[in-house]
Amino acid sequence: MSQKTLKPIYVLNGPNLNLLGVREPEIYGYDTLADIEARCKGLLEGTEHDLVFRQSNHEGQLVEWIQEARTDACALIINPAAYTHTSVALYDALKALSIPIIECHLSNPHAREAFRHHSYVSLVAKGIVAGFGSIGYELAIRAVLTLVK
Ligand code: CA2
């Protein structure tokens, strides 16, 4: 098995995204998180980057992984889910990173309830992908590959 020579791309997912493909497909689509992970992995075949793809329902766990990404990742793609709109803790953790951060959403939060219109994460994101469903993750991976080249 050959070792990849460059740091991995981290993809972190926030609360309830483990329910993807199981509940509310009219908003979030039919793909599961495992389907999305497999397609993102496929995009990294033939590159020197591995994928670290994780989901947690816990804010503190996400903070720990963001801190880990500071040293271990070349870039971070994050769908913070509801914490997008509420979490100063995630914002503070993200602010400490010097790698590119891409904010990724399945839906377009700006076309939804007013409480989804503000994002703490956007303040520190290099770019945002939203509203394209699960392929948004692949668009984010492609953006990262261009950014870290
Ligand atoms: O559109 C997105 O990706 C969101 O980050 C999804 C969050 C929402 O709070 C954000 O405003 C926008 C919600 C994730 C909940 O995921 C579920 C998936 C399937 C069934 C139920 C919830």
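Modeller: A polar side-chain atom of Asn79 lies 2.8 Å from an oxygen atom of the ligand, a polar contact being a pair of N or O atoms within 3.5 Å. In the side chain of His105, an N or O atom is 2.9 Å from a ligand oxygen. Asn16 takes part through its backbone, with a polar atom 3.5 Å from an oxygen of the ligand. Taken alone the ligand exposes 510 Å², and the protein buries 94% of that (Shrake-Rupley method, 1.4 Å probe).

This is a predicted model, where local features need pLDDT of at least 70, side-chain atom pairs need 80 or more, and totals for chains, interfaces and linings use all residues. Residues are numbered from 1 along each chain, and side-chain values use heavy atoms, without hydrogens and water.

Around the ligand are 16 residues, each with a heavy atom within 4 Å of it. The closest are Asn79, His85, Leu106, Ser107 and Arg116. By class, this shell has eight nonpolar, five polar and three charged residues (Asp, Glu, Lys and Arg count as charged; Ala, Val, Leu, Ile, Met, Phe, Trp, Tyr, Cys and Pro as nonpolar; the others as polar).

How values were computed. A polar contact is a pair of N or O atoms within 3.5 Å; within protein, one must be able to donate a hydrogen and the other to accept it, and residues adjacent in sequence count only if both atoms are side-chain atoms.
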